[in-house]
Amino acid sequence: MPFSKSLKAAVFISAASMAGFAAITAVPASAHDHKKMAKEQPNIVETAQSTGVHNTLVAAVTAADLGETLSTGGPFTVFAPTDDAFAALPAGTVETLVKPENKETLTGILTYHVVGGNITAEKILEYISTGGGVARIGTLAGGVLEARLVDGNVVVTDGAGRSATVVQADVKTSNGVIHVTDGVFLPG
């Protein structure tokens with residue numbers, strides 16, 4: 001999905017603020033039908049397993065014991081790096097992270113890619129627009145990602161200044177939304 005909108009003021013999105021948005025949102029009369037339809041959709045983990053480009057992400061989620069949370073909890077927004085994004089990390093990084101003794105570090109990295117709430121591309125563009133050209137997005141790991149519109153694409157920057165582009169937005173799941181990225185975020 002291409003991104004294009006004007007840019008304006010700063011917003012911080014956190015799991016707590018997203019809960020506040022959900023609390024004030026009116027529920028349409030067809031909400032029950034929507035929930036039934038959502039349950040028929042695959043969850044975040046099932047969706048990632050089916051893409052063919054998220055095998056490393058799924059293996060990491062399994063190694064960190066986050067599969068059940070990302071399958072049954074939510075809603076969540078996941079910035080999901082592709083296998084190529086993981087392959088671009090320094091040699092041996094993924095192999096080291098999935099070792100049992102590195103589970104805590106791996107969990108921190110993975111939850112740095114997850115935001116509480118269902119934040120669609122449209123909402124991200126709105127936050128960028130009202131945020132003066134940047135949306136500050138609080139992750140479940142407690143870090144902050146910054147999203148900007150660059151040449152019509154949403155580019156997300158992590159705490160260490162590394163950037164990744166959203167290459168596919170709004171992959172809907174039963175418990176949230178996935179935005180596919182061409183890079184891996186690492187906490188600063």
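# Salt bridges and a helix face

Reader: Starting with R136, how accessible is that one?
Author: R136 has 32% relative accessibility, so it counts as partly exposed. Keep in mind that this is a predicted model.

Reader: Ok, and what does R136 form with E146?
Author: A salt bridge. The closest N and O atoms of R136 and E146 are 3.0 Å apart.

Reader: Why would side chains pair like that at all?
Author: Side chains of opposite charge can pair when their charged atoms come close.

Reader: Got it. Where do R136 and E146 lie?
Author: R136 is in strand β4, residues 135-138, while E146 is in strand β5, residues 144-150. The pair therefore ties together parts that are ten residues apart in sequence.

Reader: And E146, how exposed is that?
Author: E146 has a relative accessible area of 22%, which makes it partly exposed. The cut-off for buried is under 20%.

Reader: How many salt bridges turn up in the whole structure?
Author: Four. One of them joins R148 to E146, with the closest N and O atoms 3.0 Å apart. R148 is partly exposed, at 33% relative accessibility.

Reader: What about R162, which side chain does it meet?
Author: R162 meets D158 in a salt bridge, 3.0 Å from N to O. R162 is partly exposed at 34% relative accessibility, whereas D158 is buried, with a relative accessible area of 5%.

Reader: Which residues get joined into one network?
Author: R136, E146 and R148, through salt bridges that share partners.

Reader: Switching topic: which residues are buried in helix α3?
Author: In α3, which covers residues 44-51, the buried ones are I44, V45, T47 and A48.

Reader: Why do they line one face of the helix?
Author: Looking down the axis of α3, its buried residues fall within an arc of 160°, so they line one face.

Reader: Nice. What covers them?
Author: The cover includes helices α4 (55-63) and α5 (67-72). It also includes strands β2 (76-81), β7 (163-173) and β8 (176-181).

Reader: What's going on at the start of α3?
Author: N43 has a side-chain oxygen that reaches to within 3.0 Å of the backbone nitrogen of V45.

Reader: And just after α3?
Author: There you find G52, which takes a positive phi of about 80°.

Definitions and conventions: Residues numbered from 1 in each chain as written. Predicted model: local features only at pLDDT ≥ 70, side-chain atom pairs only at ≥ 80, totals over all residues. Heavy atoms only, no water. Helix = DSSP H or I, 4+ residues; strand = E, 2+ residues; numbered from the N terminus. Buried < 20%, exposed > 50% of the residue type's maximum accessible area, 1.4 Å probe, protein only. Arc of directions from axis to C-beta. Contact = heavy atoms within 4.5 Å. Polar contact = N/O pair within 3.5 Å; in protein donor to acceptor, adjacent residues only side chain to side chain.
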